[in-house]
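Please look through the points below with the model open beside you.

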Amino acid sequence: MSSVLNVHRSILGQPWRWRGLAADARDPGFAPDDLVTQLLLARGCPRDALDAHKAPSIRAFMPDPSIFRDMDKAAERLADAVQAREQVAIFGDYDVDGATSAAVMILLLRDLGLEARPYIPDRLMEGYGPSGEALVRLKQEGASLIVTVDCGAQAFDALAMASDAGADVIVCDHHKCAAELPVAVAVVNPNRLDEGEGAEHGHLAAVGMVFLLGAALIRTLRRRGFFASRPEPRLLDLLDLVALGTVADVAQLKGLNRAFVAQGLKVMAQRRNIGIAALIEASRLTRGPTCTDLGFALGPRINAGGRVGRSDLGVRLLTTRDPAEAREIAAELDLLNEERRAIETEVQQAAESLCFANTNRTLTIVAARGWHAGVIGIVAGRLKEKLNRPAIVIALDHQGIGKGSGRSIPGVDLGAAVLAAKDAGLLHAGGGHAMACGVTIAEDRLDAFAEFLEARLANRITQALGERALLLDAVVAPGGVCPDLVTAMEAGGPYGMGWPAPRVAAGPLSVLKSDVVGNGHVRAIVSGDDGRSIKAVAFRQAETELGAALLSAPRHRKLWLAGRAKIDDWGSRPAAELHVEDAAWAD
C-alpha cells in the first residue's frame, strides 16, 4: 500500500497510509467530492448501507431482542415483578456503564410503577461484581428479584449463594463468559459462548443490552394488556443514558451503537434528565454535548464517584427527581474528579518508572503497594497510549492481594487471555473484553501471570505493532483546517472506538511559535505556504520526539502535521485547530 505524502517513517516511527481511500477510489461509484461518503466507506460501511449510516436511527439498526438467549425469560420474570409490585434491586458496576445501566432499568421500572432499589458496590471495600454476602443481604431486606447490570457473568459463587437464599437473579452483562454460566433465572449477554444470532452484537455495552431488555419488557407487558389503562413508557427518552454509557465504556461505535449515540446526543441536548443537565452545567459546557464530551467531560465525572468517592453517586445523580439534589451531587462529582486527577498523576509517574525499569516484555505489567485502586484503569490506558502496547496496572494491598486493570491495543484480545489465566489457576478472579480487563491476583503469582500472558500474546502483539500505521482521511493546506471542514467531517459521525474520527494531514508548515502548557502539552502556531496560520496542540507530548520536533523546529525547516481538526470556541469567533498526533519532515 502506498504511503501518504511519501511518509514511510514519521517522527514517531510509523508510515502514513490512507484509511481505505485508495481502494474506494477505484470503485466506479466513488464520488471524490462527497466527503461523508468517503469517510463512511473508509470505515467499512457497505455502499448499500450508506443512507442508514449517514443518519443512523434506532429503527434501522434495532434487532428483535428475542434473538438473544434468555432475553424472553428475563422479560417474563421482570414483567411478573412489575405486575405483582415485587421489591426489585438493581445491582450495578461502579463505572459509567454500570451507573447508566442501573439508571436505565430504574427509570424504566419507575415509569411502570415500580420503585427499584439501586445497589452499587464500593470499589475498594467490595471489589468488582456481585458478592454473595451483598446479594443475600438484599434478599433478606425484601428483594425477591435482583437484576445485575454490567456484571455477573463470572459471579458463580455469589449467584449460587443468592439462589440458595431464595433470590431470583437476572444477569444482564456484556463481559466475556466462560463455557459454564452462573446459576440465574436468565443470563442475557451477547458474549455467551452459546449465543447464536445475538453474537453479532457482542460489541454492545451493558447499557445497550439493558435498553434491549427494556424493549423486551415493554413488549411483554403490552402483550399481557398491562397498558390498557396506562401509557407506555417512552424508552427512547432514555437514549441519553445509553449514549453516555456506550461512549464512556469505549464500545465500538458500529451498527446499533452508532444509532444509540447519534440519537442519544439529540436527547441529551434537550436536557430532559435532571442529573445529566446538572452534570453538563458542572462540566461548564454551554452547547449541546458531543461524543468527545461524553468520553472526556461527563463520563470521568461520573466515574470519579466510584474511583475516589462514593460509588452510588452516579446512579443517584442520573435517577434523582430533585434539581437541587442533582446540582449538589454534580458539584461533588466535579470536586472528586479533580481529586482523581491528582491521584492519577501520582500513580502514573510511579508506574512509568517501573515500566522503564522492565522493558523486556512485549506487554507491560506493573504492580506496587500504596497505589489507589480507583485510578489503575486510567493509568493502564495512559501507559498503553505511551508505550503502544497492552498494559496492566495492579494495586497491591497490605495482605499482598492485587486488584488490577488492563487496557489493550487493536488486534490483541486481553480479556480472553485473562480468562485463560484464570482457568489456569493464576488468578483469584478475572475477566473483561477484548480491549480491557480486570484481575484479582496474589502477589506471589505475578511473575507466573506475566509469563503466561507473554507466552500467549507476544506473537500477536508483535504482529499488531508491525501492522501499525497512521491512517489518514484527507490532506489539506493549512487554510483548509477550518470550521467548515470540521462541520463537514462531523456528518460522518458519531466517532469513537471502531469508528475512528477523521484524521487529516496539513502542510507543509513552519513553526512560528511553540511552548509547553498544562500537563506536558505542546502548543504551537504554524504557518503554511498559503499564508494561513493555525493553532496546533500535541497533548502529553512534551517529552516525546514529536514534542521535541515542535519545540525545536527551525523556521526554515517545514513539517507535515497529522491529527484531528477540532473547533476552538474559546475566542469571539469559532476557529479550527489541529490536535497533532504525529508529524513528518517535509524535506
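1. Three cavities of 30 Å³ or more turn up when the whole structure is searched. On a 1 Å grid over the protein atoms alone, a cavity is a set of points where a 1.4 Å probe fits but cannot get out, whereas a pocket is an open set with protein on both sides within 12 Å along at least five of seven lines; lining residues have an atom within 4 Å of a point. Grid points are joined across faces, edges and corners, and a volume is the space filled by probe spheres set on the points.

2. This is a predicted model, in which local features need pLDDT of at least 70 and side-chain atom pairs count only at pLDDT 80 or more, while totals for chains, interfaces and linings use all residues. Residues are numbered from 1 along each chain as its sequence is written, and side-chain values use heavy atoms, with hydrogens and water left out.

3. The second largest cavity holds about 60 Å³ of space, and its lining includes Val486, Tyr495, Pro502 and Arg564. Helix H19 (483-490) and strand E17 (559-568) each give at least two residues to this lining; helices (H or I, at least four residues) and strands (E, at least two) are DSSP runs, numbered from the N terminus. The lining of the second largest cavity has six nonpolar, no polar and three charged residues, where Ala, Val, Leu, Ile, Met, Phe, Trp, Tyr, Cys and Pro count as nonpolar, Asp, Glu, Lys and Arg as charged, and the others, Gly among them, as polar.

4. The second largest pocket has a volume of about 550 Å³. Of the 24 residues that line this pocket, Ile58, Met62, Phe211, Leu235 and Leu236 lie nearest its centre. Helix H9 contributes the largest share of the lining, six residues, and the lining as a whole divides into 13 nonpolar, three polar and eight charged residues.

5. Helix H13 bends by about 45 degrees at glycine 299, with proline 300 following within four residues; the bend is the angle between axes fitted to the seven residues ending at a position and the seven starting there. Of the 18 residues of H13, 15 are buried, meaning under 20% relative accessible area (1.4 Å probe, protein chains only).

6. Alanine 297 belongs to helix H13 and counts as buried because its relative accessibility is 11%. Leaving aside neighbours within four places in sequence, alanine 297 is in contact with Ser283 and Thr292, contact meaning heavy atoms within 4.5 Å.

Key. Buried < 20%, exposed > 50% of the residue type's maximum accessible area, 1.4 Å probe, protein only.
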